[in-house]
Amino acid sequence: MKITAAVIREKSAPFQITELELEEPRADEVLVRVVATGICHTDLVVRDQYVPVPLPLVLGHEGAGVVERVGANVRKVQPGDHVVLSFFACGGCVNCEQGLPGYCLNFFGGNFSGARLDGSSPLRQGDKTVQGHFFGQSSFATYALAAEHNVVKVRKDVPLELLGPLGCGVQTGAGSVLNALRPEAGTSIAVFGAGPVGLSAIMAAKVAGCTTIIAVDVKPNRLALASELGATHTIHGAEQDPVAEIQKIAPGGVHYTLETTAVPRVFRQAVESLCIRGVCGFVGVAPMGTEAPVDLSTLLAFGRTIRGIVEGDSVADVFIPRLIELYVQGRFPFDRLITFYPFDQINQAVKDSEQGITLKPVLRMPA
């Protein structure tokens, strides 16, 4: 079938909207009419080839839409269902079977190869292959062919166009707190970077009952929004020393930190802001080979822990519906992060995101 998609053809180049041919769903796949899709930082770092996915490529991994057709073996959803598209996991490796799909042994191949696990792409332009199946979906398109595993059925009484960012960025931030760090009520946390991931973490920390929630960023508008969404304190990282300021707020350091920027200097600040036996979660995507020096004595002497977190340690089928319930109750207002753009303004949306004008751009697909 013919679809309209945004293709990246060269490193760091603008997206080109063009017509492509999409295969029919295989036995374990789901065809989704995309209603809206978020733009995530990971899309942009792949565009810039921090992660060398083959080009030309259709990106997009925060899709939301309506099921059009399903393969013969699909049982999870049926035509007409509303779905959020999340990350790909094989469902059969040892980590998937232990409820840890973010650490699927086939995670890189299924999400970052630009192809299915068998090496095929469902997209073509004439007689040429266009790489697709990015995060098992490639949702910068009017239709996406998704693996059954990464399709999450959601309730129909919530605006579908809002829900795409739950598939990655919002899930990563909120899940890093609620699923991975799991702060006890009354504890303290500092979030470094108040972008959509960091702000989702701040909202989740409020849900978890943290009583000291510190946002660190260099943009005043983001810090102001962080205060509105649950931060009890804010620190301007370019004008103040975050470590010293956090020590003033929480003498001895905070129980938890979450580092979302992937800037080595900031990562070190996040570690050094911890109290004895504190835990630092790390979710930022940096160019491959980036190193972040940390004073080893501060780990040994203080019993601190550093851990990477993928997709918020989430089982998407469980966690995304829970976030939607919190949203409906008014306890997780992630819609305040979103700015909508028409699909044909994808390059403007990207520019606004990179300049900090927009927190979470969401592309509305043409009807």
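Predicted model: local features only at pLDDT ≥ 70, side-chain atom pairs only at ≥ 80, totals over all residues.
Q: Which residues other than glycine have a positive phi here?
A: Ser138 is one of them, with a phi of about 50°. Look for Ser138 in the loop between strand 8 (128-130) and strand 9. Ser138 counts as buried because its relative accessibility is 4%; buried means under 20% relative accessible area, exposed over 50%, and partly exposed in between (1.4 Å probe, protein chains only). Ala262 has a positive phi as well, near 65°. Ala262 sits in the loop between strand 14 and helix 8, and its 12% relative accessibility makes Ala262 buried.

Q: What about Val263, is it buried or partly exposed?
A: Val263 counts as partly exposed, because its relative accessibility is 34%. Val263 is in the loop between strand 14 (254-259) and helix 8 (264-272). Although Val263 and Gly193 are 70 residues apart along the chain, their C-alpha atoms are separated by 9.9 Å.

Q: Where is the cis peptide bond that runs from Leu55?
A: The bond goes from Leu55 to Pro56, and its omega is near -5°. You will find Pro56 in the loop between helix 1 (41-47) and strand 4 (57-58).

Q: Back to helix 10: how many residues does it have, and how many Å does it reach?
A: Helix 10 (residues 316-328) has 13 residues and reaches 18 Å from first C-alpha to last, close to the 18 Å expected at 1.5 Å a residue. That expected span is 1.5 Å times one less than the number of residues.

Q: Which residues of helix 10 are buried, and where do they lie around the axis?
A: The general idea is that an α-helix has 3.6 residues a turn, so residues three or four places apart point the same way. In helix 10 the buried residues are Ala316, Phe319, Ile320, Leu323, Ile324, Leu326 and Tyr327. They lie on the same side of helix 10 because they cover an arc of only 160° around the axis, the arc being that of the directions from the helix axis to the C-beta atoms. Their cover includes strand 6 (82-85), strand 10 (151-153), helix 4 (169-181) and helix 5 (196-208), where contact means heavy atoms within 4.5 Å.

Q: What do the buried residues of helix 8 pack against?
A: Val266, Phe267, Gln269, Ala270 and Val271 are buried in helix 8. The buried residues of helix 8 pack against strand 11 (188-192), helix 7 (242-249), strand 14, strand 15 (274-282), helix 9 (296-300) and strand 16 (305-308).

Q: How many cavities of 30 Å³ or more are found in the whole structure?
A: Rolling a probe the size of a water molecule over the atoms shows where empty space is left. On a 1 Å grid over the protein atoms alone, a cavity is a set of points where a 1.4 Å probe fits but cannot get out; a pocket is an open set with protein on both sides within 12 Å along at least five of seven lines, and lining residues have an atom within 4 Å of a point. Grid points are joined across faces, edges and corners, and a volume is the space filled by probe spheres set on the points. The search finds two cavities of 30 Å³ or more.

Q: What lines the largest cavity?
A: The largest cavity has a volume of about 60 Å³, and its lining residues include Ile3, Val58, His133 and Ser138. Strand 9 (residues 143-147) gives the most to this lining, with three residues. The lining of the largest cavity has nine nonpolar, three polar and no charged residues; Ala, Val, Leu, Ile, Met, Phe, Trp, Tyr, Cys and Pro count as nonpolar, Asp, Glu, Lys and Arg as charged, and the others, Gly among them, as polar.

Q: Which residues are closest to the centre of the second largest pocket?
A: The second largest pocket holds about 250 Å³ of space. Of its 14 lining residues, Asp28, Glu29, Phe88, His133 and Ala147 are the closest to the centre. By class, that lining has five nonpolar, three polar and six charged residues.

Terms used:
Residues numbered from 1 in each chain as written. Heavy atoms only, no water. Helix = DSSP H or I, 4+ residues; strand = E, 2+ residues; numbered from the N terminus.
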